[in-house]
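Here are my notes on this model, point by point. Please read them with the structure open.

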Amino acid sequence: MADRKLQVIPLGGLGEFGMNCLALRYGDDIIVIDAGMMFPEEELLGVDVVIPDFTYLEENRAHVRALLLTNGHEDHIGAVAFLLGELDIPIYGTEFTLALVGRRLEEHDLKERAKLNVVRPGDRLEIGPFQVEFIHVTHSIVSATALVITTPLGTVIHTGDFKVDPTPTDNDLFDLHTLAECGKRGVLLLLSDSTNVDRPGYTESERAVRPRLEDILNRADKRVVVACFSSSVHRLQQLIDLAQEFERKVCFLGRSMVTVTEIAHSMGLLTVPDRILLRPQDISSVPRNKVMVVISGTQGEPMSALSRVAVDNHKNLSVESGDTVVLSSRIIPGNEKAIYRMINHLSRRGAEVIYGAMNPPVHVSGHASAEELKLVLNLVRPKYFLPVHGEYRQLAKHAKLAEHLRYAGLEETFVLETGQTLELDARGARKGQRVTVGRVCIDSGTLDEVVEDLVIRDRRHLSEDGFVLPIIAINKHTGKSEGLPEIVSRGFVSAGDDSQFLIEARTVVARTLESSSAEERTDWGVMKEKIRTDLRRFLTKQTSRRPLIIPVILEI
Ligand SMILES: [Zn+2]
């Protein structure tokens, strides 16, 4: 057994942002850490989410023993349903993480047969040759964990996502003791979060947002609308506490906001005072200065609650002059255009929109800055170091950050990209063979608001159902469409085949345009999403096929 090797197999999240997934293999046993998704870049029109290619796991399905989840963020759990569709393996994670997973599994009708096992920090599991301990870390989501994995060759520590918050709002401290104890006993390999390696110093505590929010509420004499990630339970708790202090009722808007707060509340992770909650339909019956709306849609996602409020197309909430809108979130690179467009709309309605970096902040990061990363490196003092979670530049910088550990037992740092494995055995560590990896694009409808059947849109599917391009020419001056929209399709129906049907499809697009408000029509992101949704509904009904739909809007 002594010549057995440990393989570290990154399937996503190394050299790219998001879709974290990594396998550990010892002999015939494989455990998988996280199965996340990534949000598609602009160029991937018509695609909703991107997940890792699980070919390696499928080819080795007989050996895959378990999936371990470090936290409930989408870049860690967003692909679980797709992995579970292929492999029937038990899943381990904290209660909150698994509740978020369960919600996604329900959408895929996989909840019934999923083997979800709740783990508490400190619990130890035996999985084949691996002994796994979950330890508590602080992060922007509650119930986040790192993993201490004992293998026959030594201890492997995977930090998951973390920051070292010295004053977490729930007073649940980062378990630095266990990390330090592991470091004392000797750690073979450390895998650590590189997301914020570019930031010097320390990331502010979650509590740092309170002074600014307090100041905003002090000044506000109309409605206050705060957008944040629904999974940021610490942030939500601070908002609820402030609302109570300022005698405002709280209304949660957006599907994910409502379900996640319910889950957190049911688990005792979110304290909600009696009678503070307001139903969406009652917003308008409460004086404007007595309401705080907590809403989803920080990234300008076209069909999110806040985007719809911005174009005055939300049935329960409208923003008026004098209202305050706070984006208590970061701008994820790539989403700038959509977010600024949304802010433009809100500003036009007369709202004061508060967003971006400022001091004191309205948002703090959930990831460790350089000094915190060094703290963890120094406590763990690994023999080998593998930076994870980040683009290549971040992994490389994180590797540099560990240089000083050369004098404290560090033998080598590996900067690897997804697909490049690492091999460890009694003789040392080295790069191993490459495995098949890639990105799988998924077109699932608008997950947050309209839940439709989820379909994997891989190449095979594309070749079966083809694609459809509705082309809309919009007059720049009038904002009106010029003539009936055109439809170009390949591999779906041939034009001569069923021309009546294509004319109907063109009418569907025209109707979507007509039924939209002038303001919506100026927002291409919103229009493309609406056209895609309506046209898909029509095509699926008529043909029961699901071509890839990519609306093209031309300004003439
Ligand atoms: Zn995270």
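1. Strand β2 and strand β3 (residues 29-33) pair in the antiparallel sense over five bridges. The model is predicted. Arg-25 has Ile-30 in β3 as its bridge partner. The two strands form a hairpin with two residues between them. Gly-27 sits in that turn and has a positive phi of about 60°.

2. β2 also pairs with strand β1 (residues 6-12). Six bridges join them, and the two run antiparallel. Leu-6 of the pairing stands opposite Tyr-26 in β2.

3. Is β2 (residues 21-26) enclosed or open? Six of its six residues are buried, so the strand is largely enclosed by the rest of the structure. Cys-21, Ala-23 and Arg-25 point one way. Leu-22, Leu-24 and Tyr-26 point the other way. Note that Arg-25 is among the buried residues; buried here means under 20% relative accessible area.

4. Strand β15 (residues 291-295) deserves a look as well. Five of its five residues are buried, so this strand too is largely enclosed by the rest of the structure. Both of its faces are covered. Val-291, Val-293 and Ile-295 lie on one side, with Met-292 and Val-294 on the other.

5. Which strands pair with β15 in the parallel sense? One is strand β13 (residues 224-227), over four bridges. Val-224 stands opposite Met-292 in β15. Another is strand β14 (residues 249-253), joined to β15 by five bridges. Phe-252 has Val-294 in β15 as its bridge partner. Met-292 and Val-294 both belong to one covered face of β15.

6. A further hairpin is formed by β20 and β21, with two residues between them. Strand β20 (residues 420-425) and strand β21 (residues 428-434) pair in the antiparallel sense over five bridges. Asp-425 has Gly-428 in β21 as its bridge partner.

7. Asn-335 is a loop residue. The loop runs between β16 (324-327) and α10 (336-348). Is Asn-335 buried, partly exposed or exposed? Its relative accessible area is 22%, so Asn-335 counts as partly exposed; the cut-off for buried is under 20%. Asn-335 and Gly-483 are 148 residues apart in sequence. In space they are 32 Å apart, C-alpha to C-alpha.

8. Now the overall picture. The secondary structure comes to 16 helices and 27 strands. The C-alpha trace spans about 75 × 65 × 40 Å along its principal axes. For 556 residues, a compact globule would have a radius of gyration near 24 Å; the protein has 25 Å, so the value agrees.

9. Burial and contacts come next. Of the 556 residues, 57% count as buried. Take the contacts between residues at least 6 apart in sequence: 72% of them join residues at least 24 apart.

10. Last, surface and charge. The protein exposes about 23,300 Å². Carbon and sulfur atoms supply 48% of that area. How far apart are the mean positions of the positive and negative charges? They are 2 Å apart, for 66 positive and 78 negative charges.

Notes. Residues numbered from 1 in each chain as written. Predicted model: local features only at pLDDT ≥ 70, side-chain atom pairs only at ≥ 80, totals over all residues. Heavy atoms only, no water. Rg over C-alpha atoms; globule rule 2.2 N^0.38 Å. Buried < 20%, exposed > 50% of the residue type's maximum accessible area, 1.4 Å probe, protein only. Contact = heavy atoms within 4.5 Å. Areas by Shrake-Rupley, 256 points an atom, 1.4 Å probe, with all protein chains shown as cover. Lys, Arg positive; Asp, Glu negative; His and termini not counted. Charge placed at Lys NZ, Arg CZ, Asp CG, Glu CD. Pairing = 2+ DSSP bridges.
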